[in-house]
Amino acid sequence: VAQLCVCDLLVAQCDVNCCCDPDCSAAEFSLFTTCSVPIVTGDSRLCSQKAAIYSLDVEANPPERIFKLIDHINPNVFCIHTANYQQALSFISPETPTSENFDQLLKQFGSATFSTDFDSWSVNPDSQISSDANGTYRYEYGVPIQTVDAFVRLPSPVVSSWCSDANPAAFLVNQATKCSRLVSVEKCSTIQAVSMLFYINSSILAKWHEFVFQVNITVQSIVVQSLNGIRTLLASSEVLRLPTVLDELCINIVLGVSYHITYTEAGEIIEAAASFVLGAITKETLSIQQSFEISFTQVNTKPVPLSGNPGYVVGLPVRAGFRPQGYPLPNTDKYGQLTILQSTSNQDCLAAAGARTPVLFGYNMISGCQLRITAASECQVLALTLLDLLKGQNFPEYVASFGNSQAQDVLDWVPITHLHTSEQVKISNVFQSSCQIPVSLEIEVQWTKYGSLVNPQARIVNVTATVTTAALNQLLSGRERIVPITSSVVFTDISSPAEPGYKARPTINIKLPFDFFFPFV
Amino acid sequence: SSVSLQILFYVNGIYYIFYFFATLAMIVYKSQVFSYPDSFLAPDLALLLIMAILEALRLYLGSKGNLTEEEAPLGLSLVLTVGSALLCVYFLAWQTYVFKADVILSAVLLFTYGLVSVLEIAAIAAFVS
């Protein structure tokens, strides 16, 4: 303990205010103000240990360093009197690799993750093996889906963004992952993970641990993505397309797989389908990004995703629909939702691919793009295009006021109010003959808290869509102008402060009998 | 039959119950607070259990021998006392972690064993003759 000095950082030189430094002389000690390390001891839980105490005596002239080596006694009755276990109070040093244990250490620690053995997964003694009275096994939530070889794999990024093929898909856990993979045109037919066969090769076991019933993975649809990103759905999806080299390109590379598993209430898998996105790589491509998804549906049900029950849940999409001849139709597909423009990396409005993002309850969003206008831009065409861009193809007319509003309840649907303002600060008596182009769309959703004080539910009361327009020739002050076009969604809480409701005061029901004042009345 | 030996057996029994539970609790505490690998924890717990069994046997034999005034059970009890004393020394000095409380409890137990041994030898001598 007397030799330990934590503050002695400079070799053969005196560290400032380090009273335990052996390189310091008495003259240097006299220049110190305090001792940065006043005491050096071992583990304080030992009953008796040596302690080195350093202090500065500032009374003496010049100041001196005092060094004392004392026995530090721990008064606690639970102090360690003896520790017969050598490594008890210190860190364990890891194994030093020698020629004997090198292979074993390399296998354990050699890859990007400290992997465990694949074999140990299939015989898991303390996993959720559930069997009912007949001894049949069934899948439970979170259990890896077994195939004939090992598991249904959902490659996902581990530690870095490179794909690891060892991630099993868990039953009833909807997952979506994205990862990168190293590819090259030369090795295109040898890399297993970019070929369709790798994903549909082994069949899934219908029940846990039972090899009798197996479900083949069928190919549901194939979408082919060209080099510039355009996707086409193939008409026939029966043919298995394997990676082949064609004209210095490697085609039929798997860019995305989406599994859909159908299960029964008894925990059995009865159907499995996979949809693929195939793409192509050139000689310059070094890596591709693959995306994987798995979703589960119970047999004989058609799941309708609600956005809340009954009030909206923050983060779920706002449900909207149309009202042809009487009843509003709640559209459960993406096209009928309330959506706003999605900002893309290509900020030019006219080149935008029309990507839209659904409006999620409670999340204020703002997005936009930039419009380049020249003197030659045609106003009417531009106005129509921009309105289309801002509102989307099917801008709904009604918004559901509760997360679970049904189509039959007409009163549960709130109509969208459309407002139109103009960005003009012109003299009002000048007739606005210039044509206006919409520059922004603001959707304001007003919601209130509804129901009990303890568990208030969110209810949409009012939706207003305001389109702001500006005159084209006002905007064109130079040769070419870039105008920002924005669209935003704002959620405002207009709930009135809670008032406690009291029960009605009890009334005292006293009535005089009919003939109380008998002789006189 | 020696009254003081009987009293001592009784006191020993009660003290040992306290000692057993205190040591067990301290082993549990040590396993949570310190690094106590299974290969060290298992022997400690096993020896504590063996000590409890030995103790029960020893006290029963000794008490029976004293009350019926027979030397054989008392002699056997003496031999078992030696075994228990060895185990007590283990818990005093050779355990994985020895607390000051462990030292105190084991020392008192060893002192009790010493007294019991002396009185047992005296009792055997009295019964033989």
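These legends accompany close-up views of a predicted model.

**View 1. Helix H3 of chain B, end to end.** Helix H3 of chain B covers residues 71-94, 24 residues in total. At 1.5 Å a residue, the helix should span 34 Å. Its end C-alpha atoms lie 34 Å apart, so expectation and model agree.

**View 2. The buried residues of H3(B).** Buried residues include B:Pro73, B:Leu74 and B:Ser77. Further along come B:Leu80, B:Thr81, B:Ser84 and B:Ala85. B:Leu87, B:Cys88, B:Tyr90 and B:Phe91 are buried too. Residues three or four places apart on an α-helix point the same way, because a turn takes 3.6 residues.

**View 3. The contact between chain B and chain A.** Chain B brings 17 residues and chain A brings 16 residues. About 1,300 Å² is buried between the two chains, with 63% from carbon and sulfur atoms. B:Phe34, B:Tyr97 and B:Lys100 supply 35% of the area that chain B buries against chain A, more than any other three residues.

**View 4. Polar pairs and make-up of the chain B side.** Nine residue pairs are in polar contact between chain B and chain A, both residues at pLDDT 80 or more. Salt bridges between the chains number zero. On the side of chain B that touches chain A, H1, H3, S1 and H4 of chain B each give two or more residues. H4(B) gives the largest share, four residues. By class, this side has 13 nonpolar, three polar and one charged residues.

Terms used. Residues numbered from 1 in each chain as written. Chains lettered and ligands numbered in written order. Predicted model: local features only at pLDDT ≥ 70, side-chain atom pairs only at ≥ 80, totals over all residues. Heavy atoms only, no water. Expected span 1.5 Å × (residues − 1). Buried < 20%, exposed > 50% of the residue type's maximum accessible area, 1.4 Å probe, protein only. Contact = heavy atoms within 4.5 Å. Buried area = accessible area lost by both parts, 1.4 Å probe. Salt bridge = Lys/Arg side-chain N within 4 Å of Asp/Glu carboxyl O. Polar contact = N/O pair within 3.5 Å; in protein donor to acceptor, adjacent residues only side chain to side chain. Nonpolar A, V, L, I, M, F, W, Y, C, P; charged D, E, K, R; others polar.
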